[in-house]
Every structure is written in C-alpha cells, then in structure tokens.
Amino acid sequence: MSILVLAEHHDGQLAAGTAHVVGAALAIGGDIDILVAGDDVAGVAEAAARLDGVSCVRVADAPAYAHQLAEPLAELLAQLADDYSHVLAAASTEGKNVLPRVAALKDVSQISEILSVESADTFKRPIYAGNAIATVQSSDAFKVITVRTTAFDPVADGGGATIEALDIVVSSELSRFIGEELAQNERPELGGARVVISGGRGMGNGDNFKLLDGIADKLGAAIGASRAAVDAGFVPNDMQVGQTGKIVAPDLYIAVGISGAIQHLAGMKDSKVIVAINKDDEAPIFQVADYGLVGDLFEILPELEQKL
Ligand SMILES: Cc1cc2nc3c(=O)[nH]c(=O)nc-3n(C[C@H](O)[C@H](O)[C@H](O)COP(=O)(O)OP(=O)(O)OC[C@H]3O[C@@H](n4cnc5c(N)ncnc54)[C@H](O)[C@@H]3O)c2cc1C
C-alpha cells in the first residue's frame with residue numbers, strides 16, 4: 001500500500017493542515033509520499049520532508065503549477081495515481097476543489113472529509129451536517145480521500161524524507177489565473193486557532209464585533225461568526241463557522257449571541273470546551289455548552305474583558 005498526500009502551501013509556507021493529513025495517512029498504513037506542486041517551492045518541499053513518517057517528497061516545481069489551480073493539479077495527481085493505492089488531501093477549500101476532479105479523471109468515488117480510519121478501505125465520515133456518522137467501505141482500487149484535519153493529530157517534525165524532482169509538466173487550458181484579493185488578518189487562522197470567539201446575530205451590527213477584539217487579543221483567539229451575522233453584513237464571509245463555513249475544533253470556543261442552530265454546531269461542536277453567552281436561557285447552544293452565561297452580551301463582554 002502506498003499513499004500520496006497533496007501538500008497545501010501558501011506564500012512559500014507549508015500549511016499546518018498537511019501534518020494532520022499525514023496523521024490520517026499513518027492511520028491507514030503503508031508508504032507515505034507527499035506531492036508538493038507549485039512555482040518556486042523548494043522551501044515547502046524541505047518543510048514537508050521534515051514531517052515524521054514520510055518516505056519521499058515529490059516536487060513538481062514549474063510555472064504551470066503557480067497559484068495551484070485545480071485543473072493542472074488534478075491532472076498531475078491523476079498521472080501519478082498508478083504508483084499509489086490512496087491519495088489524500090485536507091478537506092479545505094483547495095482539497096475540495098482538486099480531489100473530486102482526480103476522482104472523476106480516475107472514474108472512482110471520492111470519500112469526503114473522513115473523521116477516522118477503520119481500516120485501509122473503511123472510513124468514518126459525517127453526513128447530514130454532522131448529525132450522523134456514516135461508516136463507508138470503498139472497493140475502488142484507487143481511493144481518493146479528503147480529510148477533516150481537526151479529527152487527526154498532526155505528525156511532528158523530525159523526519160528526513162528524500163526529495164525527488166518530478167519532470168511532469170501538465171498544461172491545462174481549462175482555467176487561468178486572473179488575480180486574487182487576500183484578506184489581511186493579524187489574528188491566528190480560524191481553522192487552526194487554539195481559541196475561537198464567535199459572534200452571532202445577537203451582536204446587533206458589525207461595529208459591535210469590536211467588543212470581541214479585546215477578549216480575542218487577551219486570549220490570542222481567532223474571531224468567527226455565525227452565518228446570520230455574515231448574511232446581515234456584520235462581518236466578511238471568511239469568518240463563518242459552520243456547515244457551509246469553516247469547521248473548527250479549538251481548545252476553547254466562545255459563542256456570543258449565537259442561538260446554536262444545527263448548521264452552526266456542525267462547525268464547532270467538536271471544540272474541547274464550549275462557552276456560550278446568550279440572553280435566552282433556552283437557546284439550543286446551551287445544550288452543547290460546557291459553560292453557559294445567561295445575560296446581555298453588551299454587559300457581559302466588557303466585564304469579561306476586564307476580568308481577563
Ligand atoms: C443549508 C444551510 C446552511 C447553513 N450553514 C450555516 C453555517 O455554516 N453557519 C451558521 O452559523 N449558520 C448556518 N446556517 C444558518 C443557521 O440555520 C442559523 O440561521 C444561524 O446559525 C443563526 O445564526 P445566529 O445564531 O447568529 O442567529 P439567531 O438564530 O438569530 O440567534 C441570535 C441569538 O442571539 C441571542 N441574543 C440576541 N441579543 C442578545 C444579547 N444582547 N445578549 C446575548 N444574547 C443575545 C438570541 O437570544 C439568539 O439566541 C445554515 C442554514 C442552512 C439552511
């Protein structure tokens with residue numbers, strides 16, 4: 001059995017999620033290789049080679065892979081598929097963009113967002129917005145899998161994989177890069193933050209989200225939001241936590257003015273400790289909260305910040 005993990009990287013840095021995907025690959029067992037594709041990615045390849053448990057880092061370094069467009073990446077992975085029994089990527093925006101294309105090119109079923117590995121062909125994954133967990137067994141010879149990174153521990157640094165340059169250059173006419181607008185944020189990245197504080201419709205407006213800033217600063221937290229807060233225009237949609245937003249599982253999740261709809265819970269209920277602040281003592285968020293504070297957030301937040 002041999003597994004190929006698609007490395008994710010941004011601005012020349014290996015994304016933290018890749019170490020979690022290697023963790024999932026270790027649970028499957030067998031030889032683990034990593035594919036690093038991009039333009040000028042020697043530094044990323046070196047970081048990937050340091051991950052424990054990896055045998056070989058295969059590097060496709062060419063302008064054709066700049067910006068990691070899904071079409072050439074999928075074509076490249078499909079060309080490498082014969083060497084592998086499994087290909088894995090994070091269930092991130094990028095992984096969800098690339099891997100279904102690989103599955104289509106290889107005419108196999110994709111297995112999405114696995115939470116655990118039961119055996120090399122059997123996996124657990126959420127269905128119905130996380131309200132049920134399905135155990136799926138695949139009979140495909142080549143398995144295409146995205147991994148919920150929060151469900152697997154990352155492997156540590158300490159490995160010494162070999163690095164191999166690939167000379168396959170795939171050119172795809174299907175898409176081309178036009179430009180990008182990147183949100184600038186000094187806070188930790190929502191998906192990987194140890195502490196997350198999220199605001200909901202109860203925040204009232206975007207200005208009131210500033211009430212979360214001081215607490216987030218003190219706790220080193222990322223700031224998230226419910227979809228109602230995003231839809232109302234309080235905050236940008238990259239802050240959305242939930243079924244159609246980001247999935248987070250921090251050590252501490254603080255939900256402020258969020259009712260606890262199942263679609264929101266789908267994105268945060270695996271957090272280790274959940275704190276809810278809500279003026280309605282019957283809000284469903286209290287059913288999943290470890291600590292609940294019933295009261296007006298406009299009084300509680302300044303007091304909490306001061307006490308912190
Ligand atoms: C297909 C689909 C996908 C969805 N995906 C997502 C998703 O990814 N993420 C997501 O979050 N939602 C998602 N939703 C929406 C979800 O169903 C809820 O509508 C949404 O989560 C509600 O957001 P909220 O809790 O902020 O707002 P509300 O449900 O309106 O709750 C606001 C809460 O604030 C409290 N409150 C008000 N004022 C105060 C105050 N002064 N002090 C303290 N508490 C106060 C209220 O008591 C209330 O509990 C999805 C829905 C659908 C149909």
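Which helices each supply at least two residues of the shell around the ligand? I put this to the predicted model. I found three names to note: helix H6 (227–231), helix H7 (262–265) and helix H9 (297–307).

**Entry: the shell**

I looked up the ligand's surroundings next. I find 25 residues around the ligand. Arg201, Ser226, Thr244, Ser259 and Asn278 are the closest. I then sorted the shell by residue class. I get 14 polar residues, six nonpolar and five charged.

**Entry: polar atoms at the ligand**

I went through the ligand's oxygen atoms. For Ser259, I note 2.6 Å between a side-chain N or O atom and an oxygen atom of the ligand. Ser259 is also listed among the closest residues of the shell. For Gln240, a polar side-chain atom is 2.9 Å from a ligand oxygen. For Gln243, I note a backbone N or O atom instead, at 3.0 Å from an oxygen atom of the ligand. I then looked up the cover. On its own the ligand has 980 Å² of accessible area, and the protein covers 75% of that.

**Entry: Ser92**

I turned to Ser92. I place Ser92 in the loop between strand E6 (86–90) and helix H4 (93–106). Is Ser92 buried or exposed? Its relative accessible area is 19%. Buried means under 20%, so I record Ser92 as buried. I then checked its side chain for a partner. The Ser92 side chain makes a polar contact with the side chain of Glu8, at 2.7 Å.

Conventions: Residues are numbered from 1 along each chain as its sequence is written. This is a predicted model: local features need pLDDT of at least 70, side-chain atom pairs count only at pLDDT 80 or more; totals for chains, interfaces and linings use all residues. Side-chain values use heavy atoms; hydrogens and water are left out. Helices (H or I, at least four residues) and strands (E, at least two) are DSSP runs, numbered from the N terminus. Buried means under 20% relative accessible area, exposed over 50%, partly exposed in between (1.4 Å probe, protein chains only). A polar contact is a pair of N or O atoms within 3.5 Å; within protein, one must be able to donate a hydrogen and the other to accept it, and residues adjacent in sequence count only if both atoms are side-chain atoms. A residue is near a molecule or strand if one of its heavy atoms lies within 4 Å of it. Accessible areas come from the Shrake-Rupley method with a 1.4 Å probe; for residues, only the protein chains shown count as cover. Ala, Val, Leu, Ile, Met, Phe, Trp, Tyr, Cys and Pro count as nonpolar, Asp, Glu, Lys and Arg as charged, and the others, Gly among them, as polar.
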